[in-house]
There are 4 protein chains.
Amino acid sequence: MTSLRHRRRHTSSLPRRSRLPRAERERQTLEAAHALFAERGYAGVTMDDVADAVGVTKPLLYKYFGNKERLYLACMEPAGKLLTRTVVDAIAPTTTPADALRAGLLAFFEFLDTDRDAWRVLFDETLPVSGEVAQRVAEYRDRITELVATAVLSQLPPSGRVMDRSEVEALSAAVLGAAEALGRWWLRGEAISARKAAELLISTVEPGLRLRTRGGRSSDETPGKVI
Amino acid sequence: MTSLRHRRRHTSSLPRRSRLPRAERERQTLEAAHALFAERGYAGVTMDDVADAVGVTKPLLYKYFGNKERLYLACMEPAGKLLTRTVVDAIAPTTTPADALRAGLLAFFEFLDTDRDAWRVLFDETLPVSGEVAQRVAEYRDRITELVATAVLSQLPPSGRVMDRSEVEALSAAVLGAAEALGRWWLRGEAISARKAAELLISTVEPGLRLRTRGGRSSDETPGKVI
Amino acid sequence: MTSLRHRRRHTSSLPRRSRLPRAERERQTLEAAHALFAERGYAGVTMDDVADAVGVTKPLLYKYFGNKERLYLACMEPAGKLLTRTVVDAIAPTTTPADALRAGLLAFFEFLDTDRDAWRVLFDETLPVSGEVAQRVAEYRDRITELVATAVLSQLPPSGRVMDRSEVEALSAAVLGAAEALGRWWLRGEAISARKAAELLISTVEPGLRLRTRGGRSSDETPGKVI
Amino acid sequence: MTSLRHRRRHTSSLPRRSRLPRAERERQTLEAAHALFAERGYAGVTMDDVADAVGVTKPLLYKYFGNKERLYLACMEPAGKLLTRTVVDAIAPTTTPADALRAGLLAFFEFLDTDRDAWRVLFDETLPVSGEVAQRVAEYRDRITELVATAVLSQLPPSGRVMDRSEVEALSAAVLGAAEALGRWWLRGEAISARKAAELLISTVEPGLRLRTRGGRSSDETPGKVI
DNA sequence: AATGAATGAGGTTTCATTCAT
DNA sequence: GATGAATGAAACCTCATTCAT
């Protein structure tokens, strides 16, 4: 546990303005907590850290947010909603699985590009493995996975289903995993543009997926057996 | 973090045999620790848990391994070596990028199938985000990523390099991420065979990769058999 | 202590009417606090709970009542007065020790039956063991004990005192303790009528008491009707 | 809550002898904790208090006893066992209800006299109202109540049952309540001998009980209606 | 007359780690 | 070579109480 923690204790960068209206304080708190969580992860941030960063004492945090998990949730929820919304909206107007996949992944990486911290909070690796937060995060991931699955992979051609339920699930998990890992890699150095990262993934995954969902056809193609 | 913990405190399943030769003790300890870490993750295991499970006292653990991180490292190292070795060996005899990819991923999933616990330790999600372990884990992942990169993607066709270094890295990270996520999904239910999971991933990723390494032309290309 | 608490946080059942005359506010506050204390005991109620229940802010509570102890006292006082008054009034018209005892205990249980909450506040088991409240509660109990003592036991027959001061005190404490315990038992299930509970206690204690106050002879005595 | 606490923080009266064998340390801890609990009640004692009193740090307490409740339980259990045992043993050889009652109450008060602190721990008024301790205490009280009920009151004469189950329960609760209250009174000043206190209670309660259980008879007695 | 905002101080519990034998 | 005993340091959370408006 020790190793998770930077003892850098933000020494209240904000001027210790007291007596803010609750809404304002909450906003401020969320902002500070969000930054901290993004930087060090759930486990690497203590309630004292947050309190210090905001310039208040812990009891206030607890009054406003209940407990650490709920504070985290309050930071994560908007990000989660925004991401799913963004992806859904991007996919909505598309008409083919290939377009849906492309649009979805582009949206995913644009979200990452636009709000790195939100993405970090959403894909934090130090989250508790059980409890409220774990559950909620699982929900978000499931939703996105399902999005991938439903929108992209299960739009099967009339010619017939080639994949069963578990294969679709597996593939969705894999694609999301790839996106997440690529996102993490990107955050490490931003060596290429986020858009390019997205395109890279799309162009890598799309052909294989297309072959699969088309069940293999196309005039000039001689697809072999799919798996 | 509390939520990580099963209070089941292994009550020393091993008979408390004293005075073993150090090598034997170490082996035994590693085995027990490995099982524990695989089951509950780094953060979910205390040094007390390990000591109890081995039937030895904590000071001995510290004498032999220095600290918790190094104990974990000692558990992870063999697994890491084995995995890289397995993948390397699988890739070695191949001659084309496509074959290398296929062989590598098959080896990856066979490793997972053969030794779930080793895989879990290697891909634990509760690891500290900084410190010795974090660094070492990063090294392993980098090594495997590089393996994917070197062996698979940079075997470029004579026609010329189409990707620069960072794109290769990015793609490797993505492929590894997909494999990892798929591995995790697989461990959750083993809904399909490990081999099938591998094939699924291969067939999804291979066409895109092949297109790219061949120079990205597409109009006039004659895709061979998929997989 | 945690275990004392129901996290049910009364969500302000009363409409938040502002600017009431102080007297009215106090009445209202007392009522709400009383209900809360009766339900969860002193230790199980926080000032926040009370404030929420009344629909008023904590500073007001402190302005009106000073602190938690005094708030409790303010709740307890009327109950205490009412109980002592009730018992005194019941005893007053009686002429014999036996009658006084019977009347007192019947009044005690009728009070319990009539106002369970007041009784609960008066005989709360989660009270601080020292401080203002403790002292005041002790005073009330002493007063009732004394009532029992004075009215019932010290009405000695002309034949002469058989008991000294401390024996009387002891017996009073015991009788009150029995009544209290019986009251608590009754509240747990109300398995019999409160009156019957009273009669039960009276009939158990009265003969012994009568024997004693009559001088403790027993061989040749002619016990009159029992109760 | 504050009021429960004497801030007198025992400043380690024992010489800070380190490295005691566990058994010894446990004994010592139990002793200190027992004394503290007896003096200030469960709620009035913090783990820090206990640790200070023993001259160790809290983690040791937690290693040996698990948590505060279990530490209390460890203090209470022997006392509880001893008391029930004492009472049972006292009652065993008796043959009549009256004798059983007398023997039981004498034993109860002798226990109190012999070990005031144990009695205080057993009849602490600051216990949590729910949780392990609460349950265990309830068990002990129920056991003793049942003892009173079974041994004393339900040994009914052939002539016929006069009381139903709930009346017996009620009476048992009342008698135990009387004993407890008398015990508490006694502890306040020890104004009379414990034995005398017991006799006082016995002689007060016994006649009433005898009348009841005999259903009213005895050659020279003309018992009126029993309730 | 009343409030919203804020806190000091403490409570239980946990865990990696080290002394002293 | 190995142990039993012990701890420093912190984490989460709560509650009576007061400040500033």
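Two residues are in contact here if their C-beta atoms, placed from the backbone, lie within 7 Å. The structure is a predicted model, in which local features need pLDDT of at least 70 and side-chain atom pairs count only at pLDDT 80 or more, while totals for chains, interfaces and linings use all residues. Residues are numbered from 1 along each chain as its sequence is written, and chains are lettered from A and ligands numbered from 1 in the order in which they are written.

The pairing of chains A and B may be taken up at the outset. Of the interface residues of chain B, 91% are also interface residues in chain A, so the copies meet through the same surface. Chain B is superposed on chain A by a rotation of 176° with 0.1 Å of shift along its axis, at an RMSD of 0.6 Å; copies are superposed by least squares on the C-alpha atoms of residues with pLDDT of at least 70 in both. In chain B, the C-alpha nearest this axis belongs to B:Ala178, 2.1 Å from it.

The contact draws 45 residues from chain B and 45 residues from chain A. On the side of chain B that touches chain A, the elements giving two or more residues are helix H8 (165-189) and helix H9 (194-213) of chain B. Helices (H or I, at least four residues) and strands (E, at least two) are DSSP runs, numbered from the N terminus. H8(B) gives the most to this side, with 15 residues. By class, the side of chain B that touches chain A has 27 nonpolar, 9 polar and 9 charged residues. In this classification Ala, Val, Leu, Ile, Met, Phe, Trp, Tyr, Cys and Pro count as nonpolar, Asp, Glu, Lys and Arg as charged, and the others, Gly among them, as polar.

Chains C and D form another pair to consider. A rotation of 176° with 0.1 Å of shift along its axis superposes chain D on chain C, with an RMSD of 0.6 Å. That is the relation of a two-fold axis. In chain D, the C-alpha of D:Ala178 is nearest the axis, at 2.2 Å. The same surface serves both copies, since 93% of the contact residues of chain D recur in chain C. This contact takes 46 residues from chain D and 46 residues from chain C. Helix H8 (165-189) and helix H9 (194-213) of chain D are the elements that give two or more residues to the side of chain D that touches chain C. H8(D) gives the most, with 15 residues. The residues of that side divide into 27 nonpolar, 12 polar and 7 charged.

The DNA strands come next. A residue is near a strand if its C-beta atom, placed from the backbone, lies within 6 Å of it. The surface near DNA strand E has 16 nonpolar, 9 polar and 17 charged residues. Around DNA strand F there are 43 residues, and A:Thr46, A:Pro59, B:Pro59, C:Thr46 and D:Arg22 come nearest. H3(D) gives the most to the surface near DNA strand F, with 4 residues. By class, that surface has 16 nonpolar, 9 polar and 18 charged residues.

Within chain B, the axes of helix H4 (residues 68-91) and helix H5 (residues 97-114) come within 8 Å and cross at roughly 145°. Axes are lines fitted to C-alpha atoms, for helices over the stretch in contact, and angles run from 0 to 180 degrees between N-to-C directions. Residues of H4(B) including B:Leu83 and B:Ile91 meet residues of H5(B) including B:Ala100 and B:Phe111. The contact of H4(B) with H5(B) has 10 nonpolar, 2 polar and no charged residues.

Most residues other than glycine have a negative phi. A:Glu190, however, has a positive phi of about 50° although it is not a glycine. A:Glu190 is found in the loop between helix H8 (165-189) and helix H9 (194-213) of chain A. With 13 C-beta neighbours inside 10 Å, A:Glu190 counts as partly exposed; a residue is buried if 20 or more other C-beta atoms, placed from the backbone, lie within 10 Å of its own, exposed if 12 or fewer, and partly exposed in between. In chain B, B:Glu190 is found in the loop between H8 and H9, and phi of B:Glu190 is near 50°, a positive value.
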